[in-house]
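User: I'd like to learn how to read salt bridges in a model. Can you walk me through it?

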Amino acid sequence: MLTDMHIAVIGGDARQLEVIRKLIELDAKISLVGFDQLDHGFAGATKYQIHEVDFSQMDAIILPVRGTNHEGQIDTIFSNEKVYLKEEMLKVTPAHCTIFSGITNDYLNQLIQNTNRELVQLFERDDVAIYNSIPTVEGTIMLAIQHTDFTIHGSTVAILGLGRVGMSVARTFAALGAKVKVGARKSEHLARITEMGLTPFHLSQLASEVSNTDICINTIPYQVLTASVISKMPSHSLIIDLASKPGGTDFRYAEKRGIKAMLAPSLPGIVAPKTAGQIVANILCELLYENLEKRKGNQP
């Protein structure tokens, strides 16, 4: 139970609703910011505007998956209010206050450094990333079906990167009957691709490997699908970029060539927000409980 913990949930999409439900179930005291247009009422949670929140009482602050943008603004799907996380807000929080976010950026990192608070990036955790790869794969399949006029079965699919998402995507598309090849740099990844029964290639050979690709799925968060690489792709190719914004694709050149390319970094929240929210909620509540027990253990 999280009784007596005061937690601010600021902004977010439908995934945050599952987080709120779980926190209420565990008896936490919840302050909601950025939910004023949400019709559903949560018993045990109170809606505020950002300037009304008493940050000096907060044991934890939960941000959306994206955290903030580079100006400190927080996404608020259920509100038209522009919400910004500022240094003066964190400065007055108790020293033990922990900030939870999916990912981070330079703005949020600087804020954490200036206020000497702890930041937990949930999407950097292996457990969250692996669980999230399940709805990500389902969403990727959905996009592949919607935006092609051929079957996945028998098509040539190039997957870039063998991280937690890349591995799940590769395994599933192969199971659907696609001819899957996977590009990576590390020798151990190339070995793993071979062990999985798929075709490995080094990313230095990417330009030649995409010449017969029907679907290219990128999971690498820096630009690998450059103009020179895209120029070698067949015109009917589909690019699905799963990397975090801005992705790893030269979208301008892809459009110029008439190749359909889409950035889809938040598929779990789009195709399965309930499941994706429950994944975040379960891990988050475990971490909050650990923090609470640690604090109790430090009390005289």
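**Reading the salt bridges**

Analyst: Let's start with a pair: Lys91 and Glu87 form a salt bridge, with their closest N and O atoms 3.1 Å apart. Keep in mind that this is a predicted model, where local features need pLDDT of at least 70, side-chain atom pairs count only at pLDDT 80 or more, and totals for chains, interfaces and linings use all residues. Residues are numbered from 1 along each chain as its sequence is written, and side-chain values use heavy atoms, leaving out hydrogens and water.

User: What counts as a salt bridge?

Analyst: Side chains of opposite charge can pair when their charged atoms come close. The cut-off here is a side-chain nitrogen of Lys or Arg within 4 Å of a carboxyl oxygen of Asp or Glu.

User: How many salt bridges does a search of the whole structure find?

Analyst: The search finds 9 salt bridges.

User: How are Lys91 and Glu87 placed in helix α2?

Analyst: They sit 4 residues apart in helix α2 (residues 87-91), so about one helical turn separates them. Helices here are DSSP runs (H or I, at least four residues), numbered from the N terminus.

User: Which residue forms a salt bridge with Asp126?

Analyst: That's Arg164, with the closest N and O atoms 2.6 Å apart. This pair links distant parts of the chain, 38 residues apart: Asp126 is in helix α4 (residues 126-146) and Arg164 in helix α5 (residues 164-175).

User: Which residues are joined into one network?

Analyst: Glu18, Arg21 and Lys274, through salt bridges that share partners.

Methods: Helix = DSSP H or I, 4+ residues; strand = E, 2+ residues; numbered from the N terminus.
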